[in-house]
Amino acid sequence: MSEVLRSWLYVPADRPDRIKKALDSEADAVIIDLEDAVAAAAKDEARRNALSALDDGAKAFVRINAPGTPAGEADIKALTGAVGVRVPKCEDPGELRRVADALGVPVYPVLESALGVENALAIATAHPLVAGISLGEADLAADLRVAGGDALTWPRSRVVVAARAAGLPSPVQSVWTAVRDLDGLRTSTEAGRAAGFFGRSVIHPAQIPVVHEVCAPDPAETAWASDLLDHLETTGSAAWIDHHGQFVDAAIVARARWVLALAGSEAKEGQHS
């Protein structure tokens with residue numbers, strides 16, 4: 001897996017053949033899905049498949065069913081070996097603490113309701129094992145009684161601010177459901193990155209290259225960041241005007257370090273491909 005995760009590929013746990021294909025894909029992270037992609041009658045079989053894959057050494061995340069439901073409680077009780085767990089329908093920080101304590105691995109709460117968004121910061125800081133937060137936009141749009149799109153601008157900003165205020169990575173963007181519309185995926189992912197998201201959940205391998213391309217640092221930006229940090233190391237300046245006439249201070253330096261972290265992750269990925 002990449003140091004900085006860009007693509008998070010969902011795969012239904014009731015399809016063990018697809019689990020293997022997903023693990024062999026170019027996705028940075030694979031999420032074995034026990035929730036929305038699995039019919040109610042197949043929950044037990046799906047859980048067994050997920051556990052089997054993890055027992056076989058699969059380095060994968062798991063999305064459990066909602067805590068408090070019979071399937072969700074069975075998932076929490078049985079689950080071992082996951083790299084991390086996506087916890088859907090999060091609204092209550094206390095409930096998330098219970099789940100994190102029970103699982104003992106990094107948890108990634110998904111906010112899918114108005115109450116979840118309102119409690120974003122409390123959820124993001126609920127437990128030391130919270131490793132990232134994100135939105136479930138389809139469920140959220142239904143709860144808000146909106147059609148999505150611009151109507152979700154404020155909740156998106158809310159989760160970006162809450163994640164960073166909690167010291168977490170930038171949120172992973174929600175799925176693009178029009179699988180064949182790769183141009184739409186690109187446009188949406190570019191807009192999401194500009195709005196503070198990084199990386200994206202995907203539901204088909206064809207979406208992975210688009211997400212990776214959008215997440216890749218621009219070569220000119222990488223060169224700028226490298227020059228800036230070279231100057232900092234050479235001079236030790238706290239603030240200065242660069243040769244483009246741009247004022248540079250600690251905030252600009254922090255961005256430069258982030259750009260180079262992405263570039264370093266890209267380089268490592270290329271060495272392993």
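Visitor: Which residue in E5 does arginine 86 stand opposite?
Guide: The model is a predicted one. Strand E4 (residues 85-87) is joined to E5 by 3 bridges, and the two run parallel. Across this pairing, the residue in E5 that stands opposite arginine 86 is tyrosine 108.

Visitor: Which helix packs on the sheet, touching E4 and E5, and what angle does its direction make with that of E5?
Guide: The helix that touches E4 and E5 is H4 (residues 93-103). The direction of H4 relative to that of E5 makes about 150 degrees.

Visitor: Which are the edge strands of the sheet?
Guide: The sheet is open and has 7 strands with parallel pairing, in the order E6-E5-E4-E3-E2-E1-E7. An edge strand here pairs on one side only. That applies to strand E6 (134-135) and strand E7 (200-202).

Visitor: At what angle to E1 does helix H10 run?
Guide: Helix H10 spans residues 208-215 and lies across E1 and E7. Relative to E1, helix H10 runs at about 160 degrees.

Visitor: How is the aromatic pair of tryptophan 8 and phenylalanine 61 classed: stacked, tilted or edge-to-face?
Guide: The structure holds 3 aromatic pairs. In the pair of tryptophan 8 and phenylalanine 61, the distance is 4.9 Å centre to centre, with 55 degrees between the planes. Planes under 30 degrees apart would count as stacked and over 60 as edge-to-face. The pair is therefore tilted.

Visitor: How many residues apart in sequence are the parts that this pair ties together?
Guide: Tryptophan 8 is in strand E1 (residues 7-12), and phenylalanine 61 is in strand E3 (residues 61-63). Both residues are buried, tryptophan 8 at 5% relative accessibility and phenylalanine 61 at 2%. The separation in sequence is 53 residues.

Visitor: What class of pair do the rings of tryptophan 8 and tyrosine 108 form?
Guide: Tyrosine 108 lies in strand E5 (residues 107-111), so its pairing with tryptophan 8 in E1 ties together parts 100 residues apart in sequence. Tyrosine 108 counts as buried at 16% relative accessibility. The ring centres are 5.7 Å apart and the planes are at 65 degrees, so the pair is edge-to-face.

Visitor: Which residues form one aromatic cluster?
Guide: Tryptophan 8 pairs with phenylalanine 61 and with tyrosine 108. The cluster is made up of Trp8, Phe61 and Tyr108.

Visitor: Which residue has its backbone oxygen 2.6 Å from a polar side-chain atom of threonine 189?
Guide: Threonine 189 is in helix H9 (residues 182-194) and is buried, with a relative accessible area of 2%. Leaving aside neighbours within four places in sequence, threonine 189 is in contact with Gln173, Arg200 and Val214. The backbone oxygen at 2.6 Å belongs to leucine 185.

Conventions:
Residues numbered from 1 in each chain as written. Predicted model: local features only at pLDDT ≥ 70, side-chain atom pairs only at ≥ 80, totals over all residues. Heavy atoms only, no water. Phe/Tyr/Trp six-rings, centres within 6.5 Å; stacked < 30°, edge-to-face > 60°. Helix = DSSP H or I, 4+ residues; strand = E, 2+ residues; numbered from the N terminus. Buried < 20%, exposed > 50% of the residue type's maximum accessible area, 1.4 Å probe, protein only. Polar contact = N/O pair within 3.5 Å; in protein donor to acceptor, adjacent residues only side chain to side chain. Contact = heavy atoms within 4.5 Å. Pairing = 2+ DSSP bridges. Axes fitted to C-alpha atoms, helices over the stretch in contact; angles between N-to-C directions.
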